[in-house]
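Hi,

Here's the structure I promised to pass on.

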Amino acid sequence: MKIGEQVGGSHYAAMKIQPSELFEKYDIPWSQANAIKYVCRYDMKGGVLDLEKAIHYVKSATKIVSIPKWKIWEFRDGFEGLSREKGYALLILMAPSYVGEDLGMWKRIVVKELEKMQATL
C-alpha cells in the first residue's frame, strides 16, 4: 500500500507515514503493531474503544521490538500536531528502551498511559 491510499476511511491516509509502513520497516510484532495502530487512530476513528483495543494488545504482547531512539524521530515527524499524551504513548509503544526492556514493566507503563488518555475522552 502506498502513502495516501486507504480502503474505507481516511484516518491512515491523512498521516504522512502510515502505521503499516513503520511495522514493515522495523518488523514490529503483531501485538505491539496493533497497539500502535489503535493509538494512532483513536482520535480520528474509534475513540475510547480504540484505546481499549490498544490496551488489550499491550496486555497480550509476548515480545516487543525496540526501535532505536534515533530512528523514532524519523517516524515521529510524520505525525505533526500530536497531542503531548498521544506522542508520549507512541514513544513508549515504539521504544521500550525508554522505559526498560522488561516486558512486564513496558506493559504496566503503556497501560497506565493509555488509561490516562481514556479518562480524558
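**Notes on the model**

Let's start with Leu93, which sits in helix 5, the stretch covering residues 84-94. Keep in mind that this is a predicted model. Is Leu93 buried or exposed? Its relative accessibility is 0%, so Leu93 counts as buried. And which residues does Leu93 touch, once you leave aside its neighbours within four places in sequence? Its contacts are Gln32, Ala35, Ile36, Val39, Val58, Trp106 and Val110.

Next up is helix 6. It runs over residues 103-119, which makes 17 residues. From the first C-alpha to the last, helix 6 reaches 24 Å, close to the 24 Å expected at 1.5 Å a residue. Its buried residues are Trp106, Val110, Val111, Glu113, Leu114, Met117 and Gln118. If you look down the axis of helix 6, these buried residues fall within an arc of 165°, so they line one face of the helix. Turn to the face pointing away from that buried side and you'll find the exposed residues Arg108, Lys112 and Ala119.

What does helix 6 pack with? One answer is helix 3, residues 48-60. The two axes are 10 Å apart and the angle is about 175°. With an angle over 145° counting as roughly antiparallel, helix 3 and helix 6 are therefore roughly antiparallel to each other. On the helix 3 side, the contact is made by Val48, Leu51, Glu52, Ala54, Ile55, Val58 and Lys59. Helix 6 brings in Trp106, Lys107, Val110, Val111, Leu114, Glu115, Met117 and Gln118. Sort the residues of this contact by type and you get 10 nonpolar, one polar and four charged.

Setting aside neighbours within four places in sequence, Gln118 is in contact with Val48, Leu51, Glu52 and Ile55.

One last stop: where is Asp27? Look in the loop between helix 1 (19-26) and helix 2 (30-41). Asp27 has a positive phi of about 50°, although it is not a glycine. Asp27 is exposed, with a relative accessible area of 64%.

Cheers

Terms used: Residues are numbered from 1 along each chain as its sequence is written. This is a predicted model: local features need pLDDT of at least 70, side-chain atom pairs count only at pLDDT 80 or more; totals for chains, interfaces and linings use all residues. Side-chain values use heavy atoms; hydrogens and water are left out. Helices (H or I, at least four residues) and strands (E, at least two) are DSSP runs, numbered from the N terminus. The expected span of a helix is 1.5 Å times one less than its number of residues. Buried means under 20% relative accessible area, exposed over 50%, partly exposed in between (1.4 Å probe, protein chains only). The arc is that of the directions from the helix axis to the C-beta atoms. Axes are lines fitted to C-alpha atoms, for helices over the stretch in contact, and angles run from 0 to 180 degrees between N-to-C directions. Angles under 35 degrees count as roughly parallel, over 145 as roughly antiparallel, 65 to 115 as roughly perpendicular and the rest as oblique. Contact means heavy atoms within 4.5 Å. Ala, Val, Leu, Ile, Met, Phe, Trp, Tyr, Cys and Pro count as nonpolar, Asp, Glu, Lys and Arg as charged, and the others, Gly among them, as polar.
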